[in-house]
Amino acid sequence: MAPLPKWQPRKTLIDLYVERDHTKWFWRAAAISSAALIVIGFLVFPAAFPNDKTEGLTSRASAIVAGVLLVIGYVSATILSLVCKSWLFRMDVIYV
């Protein structure tokens with residue numbers, strides 16, 4: 001079994017930026033898609049409450065779709081924040 005790499009403390013702010021820049025492309029894609037899911041969920045959610053007070057399948061379906069999109073977006077953002085090790089990547093892409 002190979003020895004574990006030694007932990008190197010970050011000495012300067014530039015070290016944090018270098019670590020953020022070395023983040024893999026699939027973490028960036030996952031962060032962007034989770035943010036997009038959250039935004040789409042919030043855009044679909046107002047369609048669940050129509051002004052004409054008719055209870056229909058479309059209002060229930062849009063509420064369910066919006067809820068599912070929001071849950072998937074927030075869960076994926078939470079998983080990304082737990083898995084990704086770059087502090088600046090978390091602050092720049094996931095938390096904002």
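The questions below cover this predicted model, from the fold down to one helix and its rings.

Q: What makes up the chain, helices or strands?
A: The chain has four helices and zero strands. From the N terminus on, the order is α-α-α-α.

Q: How do you know that the span of helix α2 agrees with its number of residues?
A: Helix α2 has 20 residues, 25-44, and at 1.5 Å a residue it should span 28 Å. Its end C-alpha atoms are 28 Å apart, so the two values agree.

Q: Which residues of α2 are buried, and why are they said to lie on the same side?
A: A31, S34, I38 and G41 are buried. They cover an arc of only 90 degrees around the axis, which puts them on the same side of α2. On the other side, W25, I32 and L43 are exposed.

Q: Why is W25 called exposed?
A: Exposed means over 50% relative accessible area. W25 has 66% relative accessibility, so W25 counts as exposed.

Q: Why is the pair of W25 and F26 called edge-to-face?
A: The structure holds two aromatic pairs. In the pair of W25 and F26, the ring centres are 5.9 Å apart and the planes stand at 85 degrees. Planes over 60 degrees apart count as edge-to-face, so this pair is edge-to-face.

Q: What makes F26 partly exposed?
A: Its relative accessible area is 39%. That lies between the 20% and 50% cut-offs, so F26 is partly exposed.

Q: Why is the pair of F26 and W27 called tilted?
A: The centres are 5.2 Å apart and the planes at 50 degrees, so the pair is tilted. W25, F26 and W27 form one aromatic cluster.

How values were computed: Residues are numbered from 1 along each chain as its sequence is written. This is a predicted model: local features need pLDDT of at least 70, side-chain atom pairs count only at pLDDT 80 or more; totals for chains, interfaces and linings use all residues. Side-chain values use heavy atoms; hydrogens and water are left out. Helices (H or I, at least four residues) and strands (E, at least two) are DSSP runs, numbered from the N terminus. The expected span of a helix is 1.5 Å times one less than its number of residues. Buried means under 20% relative accessible area, exposed over 50%, partly exposed in between (1.4 Å probe, protein chains only). The arc is that of the directions from the helix axis to the C-beta atoms. Rings of Phe, Tyr and Trp (its six-membered ring) pair if their centres lie within 6.5 Å; planes under 30 degrees apart count as stacked, over 60 as edge-to-face and the rest as tilted.
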